[in-house]
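Let's take a walk through this model together. Keep the picture open beside you as you read.

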Amino acid sequence: MRLRLASALLASAVALTSPSAQAENLVAKDRIGPADASKSLTLRLTQDGPNSNDPVWADGYKALLVDFIGRHPGWKISLETMSDNIGQEQARMLEQVKSGHGPDCAAVDSFVLALFKSADVLQPLDAYFSKEDVADLFPFVREGITGKDGRIYAWWWDTDLRVLYRNKEIVPDAPQTWDDLKAAALVSKDQGLEGVLFNGGRWEGTTFDWLANFWSQGGKLVDEAGKPVFAAGENRDKFLKAVRYYKDLVDSGAAPKRVATISNYDEFNAAAAAGTTALFVGGNWQLGQLKNTMEPEEFAKWTFSELPGPTADQRATGTGGWTIGAFAKDPEKVALCAALAKEVYSGPGNALQMQLPTAKALYDKYEVFKTPENQAFAKALQHGQARPGATIYPELSNQIQIMMGDVLSGTKTPEAALDAADAAVQAAYAR
């Protein structure tokens, strides 16, 4: 499907490009557009671009950008590609743009968007997106791109979320609450399976997936100034409640003790394919992976639902994704950057990569997102919550990972583990 889409895009771009323009070689490894164009924009990207390691994505983006240049004559786009070390790349880019040496336009991870906003390096994009465009975004997306002055400072174009996967033959009804999930997992265990699987090892996935249980209660990790407040007052009670929930799943046997060592979503796919589990917490992208891994009759047994909450009406799910932001102060470059976000990424890029859009209207515009599965993902995104873009978050996440390992293994009580995590995070914040 992706191959057909990329081929169609490339054919369309060639058809729209005149023979003379083709002769000018509009596509090079580090450039899209005529080499002698009078105006140039530097664009720094992840793998979501012409230099992607995925040949289908690479060809698709080349076609989209050639088409784009055809609609914006006189420009060339100079391409820069980030390495796979996204955290390091984003930190380096922030320092570069602070000193005036960064790209004109770039992919900014939604996870660190708040840092770029607080550094006052992003140009406002209000002029290029209507109020209707912004209103159509999911709530967590609108909040993420909006500054304290009410203006928007990036365009968040793709996202993901966490859901609960289940084998319908063993768990026919979607668990609505934590108690429901525990009961379903124990039923599956009685049938010789492992119970519910989730990330509990030493990595970011453990923190991010678990945080939905804290957020569903209205818990806050940091205050508006970025100070960690997760272990104080009402937040402490909510935090401990969410930790005890995971601990009880392990202590009761509803989850196997080995979850404390799981640090890879692939383990869930393998367990589902092997028939050793009927429940796991995973990402929306795993639906396609399961389909590719399983025989059709086995895949037909699987479905997903929103993550359960402490009560049926308390829901949250962790969400990520990428934005496009403008650093150049030249108004023409800002306008072109906004056009790239709007014409290449938001919609066409989603469809090319089959990555969830952030605007509700796109789920009805593109056939790939009209499926019942993607419509269900869109519904769940209404409860999406992004990680705070505070500088302390990486250490906070690290300590939650350590805490989770201590609690799930029985080394520390939830209270002692939380106190240790809080002490480490507060010490890091003070530094």
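Start with the open sheet: seven strands in the order β1-β2-β4-β3-β5-β13-β6, with mixed pairing. Strands here are DSSP runs of E with at least two residues, helices are runs of H or I with at least four, and both are numbered from the N terminus. Two strands count as paired if DSSP finds at least two bridges between them. β1 (27–28) and β6 (155–156) are at the edges with a single partner strand each, so one side of each has no neighbour in the sheet.

A quick word on the source: this is a predicted model, where local features need pLDDT of at least 70 and side-chain atom pairs count only at pLDDT 80 or more, while totals for chains, interfaces and linings use all residues. Residues are numbered from 1 along each chain as its sequence is written, and side-chain values use heavy atoms, leaving out hydrogens and water.

Now zoom in on some pairs. β3 and β4 are parallel, joined over seven bridges, and Leu-43 sits opposite Leu-79 in β4. From β3 the chain crosses through α3 to β4, a right-handed β-α-β crossover (with the strands pointing away from the viewer, the path from the first strand over the helix to the second runs clockwise). β2 and β4, by contrast, run antiparallel with two bridges, and here Ile-32 faces Ile-77 in β4. Further along, β5 (residues 105–109) and β13 (residues 322–326) pair antiparallel over five bridges, with Ala-106 opposite Gly-325 in β13.
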